[in-house]
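The coordinates come first, and the comments follow.

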Amino acid sequence: MKPYVTPHAIETAEVAGIVEDFRRGAHNAREADFDGVELHGANGYLIDQFLRDRPIGAPTATAAAH
């Protein structure tokens, strides 16, 4: 079995490295003459978490009222 890293909440200092990983991936795709790149960004994946207006698991206004 391939070893893996246990998921964790990222620290602010890690964000620049993750942005660089996406930048490098886009650069590599262009160098390989790809026509496009698809990012899977639903259901809690990293991109989805940045696009949300509240953290995953945070109570909604409806939930807080009950």
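1. Asp21 has a relative accessible area of 41% and is therefore partly exposed, where buried means under 20% relative accessible area, exposed over 50% and partly exposed in between (1.4 Å probe, protein chains only). Its partner is Arg24: the two side chains meet in a salt bridge, N to O, at 3.3 Å. A salt bridge here is a side-chain nitrogen of Lys or Arg within 4 Å of a carboxyl oxygen of Asp or Glu. Arg24, with a relative accessible area of 39%, is partly exposed.

2. This is a predicted model, in which local features need pLDDT of at least 70 and side-chain atom pairs count only at pLDDT 80 or more, while totals for chains, interfaces and linings use all residues. Residues are numbered from 1 along each chain as its sequence is written, and side-chain values use heavy atoms, with hydrogens and water left out.

3. The chain holds three helices and zero strands, in the order α-α-α from the N terminus. Helices (H or I, at least four residues) and strands (E, at least two) are DSSP runs, numbered from the N terminus. Of the 66 residues of the chain, 3% count as buried. The chain exposes about 6200 Å², and carbon and sulfur atoms supply 57% of that area. Accessible areas come from the Shrake-Rupley method with a 1.4 Å probe; for residues, only the protein chains shown count as cover.

4. Does the length of helix 1 agree or disagree with its number of residues? At 1.5 Å a residue, its 20 residues should span 28 Å, and the end C-alpha atoms are 30 Å apart, which agrees. The expected span is 1.5 Å times one less than the number of residues.

5. A search of the whole structure finds two salt bridges. Arg24 and Asp21 are three residues apart in helix 1, about one turn of the helix. The other pair is Glu20 and Arg23, whose side chains meet at 2.8 Å, N to O. Glu20 and Arg23 are likewise three residues apart in helix 1, and so are separated by about one helical turn. An α-helix has 3.6 residues a turn, so residues three or four places apart point the same way. Glu20 is partly exposed at 31% relative accessibility, and Arg23 is partly exposed at 45%.

6. Asp33 deserves a check. It lies in the loop between helix 1 and helix 2, just after helix 1, and takes a positive phi of about 65 degrees although it is not a glycine. Most residues other than glycine have a negative phi. At 64% relative accessibility, Asp33 counts as exposed.

7. Which residues form the nonpolar patch on the surface? They are Phe22, Phe34, Val37 and Leu39, with about 420 Å² of accessible area together. Patches are made of residues with over 30% relative accessible area and no salt bridge; like charges are joined within 9 Å, and nonpolar side chains (Val, Leu, Ile, Met, Phe, Trp, Tyr) within 5 Å. Leu39 sits in the loop between helix 1 (12-31) and helix 2 (46-51) and is exposed, at 52% relative accessibility.

8. The largest pocket has a volume of about 160 Å³. Its lining consists of His8, Ala9, Ile10, Ile18, Leu46, Gln49 and Phe50, and helix 2 gives the largest share, three residues. On a 1 Å grid over the protein atoms alone, a pocket is an open set of points where a 1.4 Å probe fits, with protein on both sides within 12 Å along at least five of seven lines; lining residues have an atom within 4 Å of a point. Grid points are joined across faces, edges and corners, and the volume is the space filled by probe spheres set on the points.
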